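Work through the exercises below with the sequence and the model at hand. Each task is followed by a worked solution.

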Protein chains: 2
Amino acid sequence: MNKIITISREFGSGGREFGRRLSENLGFAYYDQEIVQEIAKRTELSEKYVQQVMSHRPISSFPIHIGRSFRMMADPNMDQSQNIFREQCSILREMAAKSDCVIVGRCADYILQEENPFRVFLYADMPSKVKRCREKNYEKEELTDRELERRIAAVNRRRAEYYEYYTGQRWGDRIHYDLCINTTQTNIKRMTAAVTRLFAAQS
Amino acid sequence: MNKIITISREFGSGGREFGRRLSENLGFAYYDQEIVQEIAKRTELSEKYVQQVMSHRPISSFPIHIGRSFRMMADPNMDQSQNIFREQCSILREMAAKSDCVIVGRCADYILQEENPFRVFLYADMPSKVKRCREKNYEKEELTDRELERRIAAVNRRRAEYYEYYTGQRWGDRIHYDLCINTTQTNIKRMTAAVTRLFAAQS
């Protein structure tokens, strides 16, 4: 069985850098944006649209139904979301079957649970998430710290909703991870070297 | 400033072994039961009694009061708990001032927060906690798995209540720790070696 590492992360906690470095240290394949690209290719939808759907829990385009009136009607929004999620599941399973790999986000910890992945969750306090976002030049607009905080909180809220919708589990609940790392005061490069060893100890 | 590592842990998650090994790897002092012994010495209470008080959130010996009627009355149970907690605080501060150290439990992560400790939380799933308890021969009586599970859950519930009473924080909430480790499938010895490096990367 291939070795799989899944990384769930709060936006601004350095998850992408950590994932890339970890995959390099271990010589594992690395999947992040590649998953969106592959879904877009298979569904013939635009990457931007797929990304947008994958960043939100599906919302029905119909009002809350009463009785059975709407049950049998197709809901294109829901259908699209479900199609994309189905593709996501099969792509992740193919990736896991192909080689050892590090996968960032996309409910991979849950979808690939039968592969017994090593599941990491990264988080940080708000000031350090703001600092990391500024360093990465994520927000080109001139945002105040308060505005940036609100954006970060909104992204993380959506990640939690999306995860909980598809998995029925609470995002970031420690029991679903093997390791939770607070990156507030952390040098990601040095931390990754240590986690590489920790992974060897756990696996 | 001395380097302080605090270890909070679910009962049965291997926290004591982890703490002792970590202190040996780093050449740090190790404090666990020593704290209870020192409190007993200073308060002239028995170790057993101190341990018992430190395992429960204080409970008033009076019924819930109405208005101001009981406010000014001394409550010996509460006083004793508060005395012991005060001693605990000063002993922990003395230990932290003396040398680099690893401290297990006793709200040390909160009490010593100004020393900027490296705060670890260890947890595991229930079957592995049961397994560890049996291996350590913690329960000499013949308990079924179900009974042992109930005991483990009760100890952990009391730890959470005690911590929350004195700190106002939720025990095990990841934001209060630098690292949360799921020891379910872990070889503690190998894991400790890796965390020794992780500590060096974070500090």
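Buried means under 20% relative accessible area, exposed over 50%, and partly exposed in between (1.4 Å probe, protein chains only). The model is predicted: local features need pLDDT of at least 70, side-chain atom pairs count only at pLDDT 80 or more, and totals for chains, interfaces and linings use all residues. Residues are numbered from 1 along each chain as its sequence is written, chains are lettered from A and ligands numbered from 1 in the order in which they are written, and side-chain values use heavy atoms, with hydrogens and water left out.

**Exercise 1.** Find how many disulfides the structure holds, and state whether Cys89(B) is buried or exposed.

Solution. Apply the cut-off: a disulfide is a pair of cysteine sulfur atoms within 2.5 Å. Over all chains the count is zero. Cys89(B) is in no disulfide, and its nearest cysteine sulfur, that of Cys107(B), lies 8.1 Å away. With a relative accessible area of 11%, Cys89(B) is buried. Cys133(A) is also buried, at 5%.

**Exercise 2.** Describe the interface between chain B and chain A.

Solution. Start with contacts (heavy atoms within 4.5 Å): 32 residues of chain B touch 32 residues of chain A. Next, count salt bridges (a side-chain nitrogen of Lys or Arg within 4 Å of a carboxyl oxygen of Asp or Glu); there are two between the chains. Glu10(A) forms a salt bridge with Arg174(B), their closest N and O atoms being 3.0 Å apart. Last, assign elements, with helices (H or I, at least four residues) and strands (E, at least two) taken as DSSP runs numbered from the N terminus. The largest share of the chain B side, 10 residues, comes from α8(B).
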